[in-house]
Amino acid sequence: MLDRSTRTRPPRPTAASRASRATTVAGRGLASSRSRFERRAAAARRRPRLVAGIAVGVLLVAGLGAWLGWFSAVLTATAVEVRGVTGAAAAQVRQVAAVPLGGPLMRVDTDAVHERLVAGKAWREVSVSRSLPHTVVIDVTPRVAVLAVRGAGGRVDVVDDEGFVFATVASPPAGVPVVSSGARTVTKNGVTAALQALGSLDAALRRTVSGVSVSEADQVSFRLKVKEASKTVVWGGPGDGAMKARLVKILVSQPGSTIDVSVPSSPVTR
């Protein structure tokens, strides 16, 4: 066992050695800070060159795309695809659209094609777009005839559910109800009232309807054949279709040649 008096202890650091160590640590920290600063400075110098390189690359790609689309024969317009209709209707769309083929696809004036189709009035909605590499796409929603309005001079206007006249024909389309009108055009309210009258009546009565007319004030009237007699029904405007139909069914057997249900709360026969 060693005597405690004989043990040796490490010498305590002197002030000079502590100062030397602190200087070394500070020197290392300063060198590290200088290194980080130099790296940041180098990155900052490279950044403008990187941005410039990216910009040049974007411009080159854009220029190549513009050249391919507007000037080269690679993206030539060679086909027209019609969506929304088929057969004869699609052929009509192509004829009216008159899309110029054979040139660069991007030079096809889609606005002009759209205007030609809209001017034709046959389509409720029209969109024209390009589909790479060679196709012009035309998407249409056709108007649907709900009434044929016979006007002065025997002209027949074909009307959709918005009251829009989209065709004038010599004879009514098959299966489309025919009405006469003294008005120059039939409004949407007039169309609604006529369709409501025809759709709300009892099936047996509806088969005897003739002479449907719509006035300038959107008031609907028609004739019913009851046995050997004919009665005029003043239906009025749109609204209360079910109640008016019930009143007509009840009053059709009553005396008189006219049934007026235009005001359902006060029906009149005369």
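Two strands are taken to pair if DSSP finds at least two bridges between them. In this predicted model, strand β4 (residues 147-150) and strand β5 (residues 156-159) meet that description, pairing in the antiparallel sense over four bridges, and within this pair L147 has V159 of β5 as its bridge partner. Both strands belong to an open sheet of nine strands with mixed pairing, in which the order is β6-β5-β4-β7-β8-β9-β10-β11-β12. The edges of this sheet are formed by β6 (165-169) and β12 (268-269), each of which pairs on one side only.

Strand β4 also contains V149, which counts as buried because its relative accessibility is 6%, a value under the 20% cut-off. When residues up to four places away in sequence are not counted, V149 touches R155, V156, D157, V159, V179, S181 and V186. Elsewhere on the nine-stranded sheet, helix α6 (residues 241-251) lies across β9 (220-226), β10 (229-236), β11 (258-260) and β12, and runs at about 155° to β10.

Another open sheet consists of three strands in the order β1-β3-β2, again with mixed pairing. Here β1 and β2 (123-131) are the edge strands, each pairing on one side only, and neighbouring strands of the sheet are turned by 20° against each other on average, direction ignored. The pairing of β2 with strand β3 (residues 135-142) is antiparallel and extends over eight bridges, with W123 standing opposite P142 in β3. Helix α2 (residues 87-97) packs on this sheet and touches β1, β2 and β3, its direction making about 130° with that of β1. Helix α3 (residues 110-119) likewise packs on the sheet, where it touches β2 and β3, and its direction makes about 160° with that of β2.

The loop between α1 (15-70) and β1 (79-83) holds T76. With a relative accessibility of 14%, T76 counts as buried, since buried residues are those under 20%. Leaving aside neighbours within four places in sequence, T76 is in contact with G102, G103, P104, L105, P133 and H134.

How values were computed
Residues numbered from 1 in each chain as written. Predicted model: local features only at pLDDT ≥ 70, side-chain atom pairs only at ≥ 80, totals over all residues. Heavy atoms only, no water. Helix = DSSP H or I, 4+ residues; strand = E, 2+ residues; numbered from the N terminus. Buried < 20%, exposed > 50% of the residue type's maximum accessible area, 1.4 Å probe, protein only. Contact = heavy atoms within 4.5 Å. Axes fitted to C-alpha atoms, helices over the stretch in contact; angles between N-to-C directions.
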